[in-house]
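Please study the sequence and the model before reading each solution.

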Amino acid sequence: MQPTISIPQHWGYLRFALDQRTQQGTILGLYYYPSGTELANEFDEGWRYVLMPNKNSDEISYLQENQIQPLSPQELFTQITAEIDFYQQQINILNRQLTVLTKGANNG
């Protein structure tokens with residue numbers, strides 16, 4: 001079963017999705033400031049996105065839609081390819097460790 005989010009019809013449509021990679025980082029969460037509320041009067045109504053600029057950091061930023069730039073298809077491809085390469089190297093290292101471990105167990 002896929003998780004779903006219901007958004008009231010009178011709220012604006014989301015421009016970005018959860019877990020989407022952007023130039024400012026990965027989107028982790030969402031806030032909406034509805035019109036007529038104190039927050040909307042102070043900060044403008046609409047969506048706010050919670051982003052993690054770097055997955056190795058605990059830094060978080062809160063940005064409006066107009067402050068976020070999506071990645072181009074090439075940038076997204078490059079990021080994902082680099083991540084795949086990194087994890088493949090980690091798998092190779094672990095496989096070598098297992099090989100050493102199993103050879104040692106067979107010799108003992």
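**Exercise 1.** Does Phe43 count as buried, partly exposed or exposed?

*Solution.* The model is predicted. Step 1: the relative accessibility of Phe43 is 40%. Step 2: buried means under 20% and exposed over 50%, with partly exposed in between. Step 3: Phe43 therefore counts as partly exposed. Tyr33, by contrast, has a relative accessible area of 16% and is buried.

**Exercise 2.** Classify the ring pair of Tyr33 and Phe43, and state which parts the pair ties together.

*Solution.* Step 1: the ring centres of Tyr33 and Phe43 are 6.4 Å apart, and the planes stand at 45 degrees. Step 2: planes under 30 degrees apart count as stacked and over 60 as edge-to-face, so the rest are tilted. Step 3: the pair of Tyr33 and Phe43 is therefore tilted. Step 4: Tyr33 belongs to strand 2 and Phe43 to helix 1 (residues 38-43), so the pair ties together parts 10 residues apart in sequence.

**Exercise 3.** How many aromatic pairs does the structure hold?

*Solution.* The structure holds seven aromatic pairs. Ring pairs also link Trp11, Tyr32 and Trp47 into a cluster.

Definitions and conventions: Residues numbered from 1 in each chain as written. Predicted model: local features only at pLDDT ≥ 70, side-chain atom pairs only at ≥ 80, totals over all residues. Heavy atoms only, no water. Phe/Tyr/Trp six-rings, centres within 6.5 Å; stacked < 30°, edge-to-face > 60°. Helix = DSSP H or I, 4+ residues; strand = E, 2+ residues; numbered from the N terminus. Buried < 20%, exposed > 50% of the residue type's maximum accessible area, 1.4 Å probe, protein only.
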